[in-house]
2 protein chains.
Amino acid sequence: MNKRKNAFYAQSGGVTAVINASAAGLIETARSKPEKIGKIYAGRNGIIGALTEDLIDTSKESAAAIRKLRHTPAGAFGSCRYKLKSIEENRKQYERLIEVFAAHDIGYFFYNGGGDSADTCLKVSQLSKKMKYPIQAIHIPKTVDNDLPITDNCPGFGSVAKYIATSTREASFDVASMAKTSTKVFILEVMGRHAGWIAAAGAMASDAATEIPIIVLFPEVPFNRKNFMAEVKRKVSEFGYVSVVVSEGAKGKDGKFLSDQGLVDAFGHAQLGGVAPVVANMIKQDLGYKYHWAVADYLQRAARHIASKTDVEQAYALGKAAVQLALKGENAIMPTIVRTSNSLYRWKIGTTKLNRVANVEKMMPKNFITKDGFGITPKCREYLGPLMKGEDYPPFKNGLPDYVRLKNISVKKRVNTEFKL
Amino acid sequence: MNKRKNAFYAQSGGVTAVINASAAGLIETARSKPEKIGKIYAGRNGIIGALTEDLIDTSKESAAAIRKLRHTPAGAFGSCRYKLKSIEENRKQYERLIEVFAAHDIGYFFYNGGGDSADTCLKVSQLSKKMKYPIQAIHIPKTVDNDLPITDNCPGFGSVAKYIATSTREASFDVASMAKTSTKVFILEVMGRHAGWIAAAGAMASDAATEIPIIVLFPEVPFNRKNFMAEVKRKVSEFGYVSVVVSEGAKGKDGKFLSDQGLVDAFGHAQLGGVAPVVANMIKQDLGYKYHWAVADYLQRAARHIASKTDVEQAYALGKAAVQLALKGENAIMPTIVRTSNSLYRWKIGTTKLNRVANVEKMMPKNFITKDGFGITPKCREYLGPLMKGEDYPPFKNGLPDYVRLKNISVKKRVNTEFKL
């Protein structure tokens, strides 16, 4: 790998508060090795940018702009939800990738995403062996869901955890103030898909110094309405109020999402709602308590203003590590976070082969959830605590966070043929 | 007013991120005048604390604890939604108040709330004349809705405005990243009751340096589905995505809340949902765009972690001013915020008679809303800008904001008879 090659970088899947910090780590590190890495081209909207030859020339961005990526949420180059088929199923896609990569002298492929994206990255890594195009594919982990295996945690998650724990604490203080004559139950719906990591972070709002009655509804624990109502009643009786943190992925025993209640409007049209109002309505029916509910949705994963310092540092370090791995000649690999000490939290960068990551989901382990299924264990607290630690505020201007928007100047097309997605 | 008297302070209505800052300003100032003001008793859960003789002795709290109120959201003494009837309608309530106040030598009544609370405070101020009990009633403004008249703005609002503008900017960066292959419309539901002030703050997410396509649905502008859809379509065509900020109070031409869509579940039970999913479903039906929606609910008004510095300072100053007005012998009065300069924002404390405030709602003026009804004018920006300005982060501990909980030790009862609310 002594020949200088250009690099391709793209962001994939749902974006986070710190995926751009990984981009900053990657671009700044690559820029420091001009003898090895030429231009860094970013795919406009993920892998689609490669397939359609819609490349962004990041060399047109100033050092200051790239530095600002570290504190800017969402995906600066655009992301996509688009999964490659296998080489056997759709050889054309891969021929196209090779055509575009070859035209732009791309030898490094950096893909920044979650489980689906790891799968895409793995497939690209096979171009060398299966299709004789020399490329090194490195995956940079990113997912607020924290559901990637091997790595101790995923960049993006720590900041969502901090946001959800902070918001749950703040809203709980609010409902506690109102409970005597008004709202007694507050319900917060959080992301996380099939894994309860983000929901678990809600329980962190309560600690020894600031006890708060919180019930968590995990996707990993089948919802039992009777048990849940008994717990709500018990907590309201004891504390006067309760906060419920419910995962969007919460399911009944039948495996059906709680949010899927077959709601119809006055004209009989099916209505898509969240799980928070569903739980709220159940509480009203069964117990009659006054409630409020919130759905954090994008607010949680875009909340760079309350990002975790640990998370930002790890996101940056993984972007940097990806370049270092590429320069070592690695392929089909992903840098990971390895926790080396728990008492005084310490971490380092490790690696894993991509085939161990692609399409594997890491759920909450059983010993992280309390026996009643509604809370987290001390072991879980020990795991989550350091990930939320430290503040890393963005600069503010006129009362608002000052986030960067890149120029995103297109690379001149060289293939210049259309490709149908 | 040379005789030393005790004071009663209570928090009323929906709480905010900075109502405790007013409490801190009031208590610290009162403590500095021990020759005039004896003990400061707080009502547990607002006026209910007075009626049920459930008083908190704030003198049991350390100076450090009171100082921490400045950065702690929600109502430290509990709030209530409870409106007194007029003296003519329910004389018993007032006789009870006099009984409790007399027993505890209370000569100052400080009430911290919105329009309904101003009405309660006004009624208490009439005890002197109508029932010969010497009391001075001072109202301290507080409402995230910003709908009180006379005062330039209300404490609580600036911080919500900052939270909503920041969150809208962050979520808009998120949807912009995803729009190519996924979500094209993001809908955020905000508070504000009948007034569009908070919704207007959403539009502040976009400015000259960071343009963002935003559509605001104000309660002041009757919803027109056809016009709205045309605007959504136009913005998505031009920018690829759009963010919609919808007020919980948005109404149709018939005056019916948009959120009131007669939803029923599979069993025919009426379901109470927010307006965000209603707007989302309309967009899906009419335009077929993929959407995400969020309901900020309590998160927005409890978000002390992203409070506006201006807001915190004003909340504190109004609590302080209330004591100063009391010591000047004033009654039936409310300190206000007066804007003295716009170009370089400056403000001072003014006053108004309570009868000019009680039960009056201040809506968005017509010249604050653009002609098409979907945005804000430069005049509105000029008004909102300074209110959101400055950061005032709370201290963090273990990754979470370190908010104080007071001891809230009860005052020994002296009347000791039950009072039925």
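Modeller: Before we start, helices (H or I, at least four residues) and strands (E, at least two) are DSSP runs, numbered from the N terminus. This is a predicted model, where local features need pLDDT of at least 70, side-chain atom pairs count only at pLDDT 80 or more, and totals for chains, interfaces and linings use all residues. Residues are numbered from 1 along each chain as its sequence is written, while chains are lettered from A and ligands numbered from 1 in the order in which they are written.

Colleague: Okay. Which helix holds Arg301(A)?

Modeller: Helix 11 of chain A, residues 298-302.

Colleague: Is Arg301(A) buried or exposed?

Modeller: Buried, because Arg301(A) has 29 C-beta neighbours inside 10 Å. The cut-offs: buried means 20 or more other C-beta atoms within 10 Å of the residue's own, exposed means 12 or fewer, and partly exposed lies in between; C-beta atoms are placed from the backbone.

Colleague: What does Arg301(A) touch?

Modeller: Leaving out residues up to four places away in sequence, its contacts include Gly14(A), Val144(A), Met191(A) and, from chain B, Asp174(B). Contact means that two C-beta atoms, placed from the backbone, lie within 7 Å.

Colleague: New topic. How is chain A divided?

Modeller: Into domain 1 (5-142 + 304-360 + 391-401) and domain 2 (157-301). Those bounds come from an automatic or database domain assignment.

Colleague: How many residues of each domain are in contact?

Modeller: Nine from domain 1 of chain A and six from domain 2 of chain A. On the domain 1 side, four are nonpolar, four polar and one charged. Here Ala, Val, Leu, Ile, Met, Phe, Trp, Tyr, Cys and Pro count as nonpolar, Asp, Glu, Lys and Arg as charged, and the others, Gly among them, as polar.

Colleague: And where are the domain centres?

Modeller: The C-alpha centres of the two domains of chain A lie 34 Å apart.

Colleague: Now the two chains. How many residues are in contact?

Modeller: 70 of chain B with 70 of chain A.

Colleague: Which element of chain B gives the most?

Modeller: Helix 7 of chain B, with 13 residues. By class, the chain B side has 32 nonpolar, 25 polar and 13 charged residues.

Colleague: What superposes chain B on chain A?

Modeller: A rotation of 180° with 0.0 Å of shift along its axis, RMSD 0.0 Å. So the two copies are related as by a two-fold rotation axis.

Colleague: Which C-alpha of chain B is nearest the axis?

Modeller: That of Val295(B), 2.4 Å from the axis.

Conventions: Least-squares fit on C-alpha atoms with pLDDT ≥ 70 in both.
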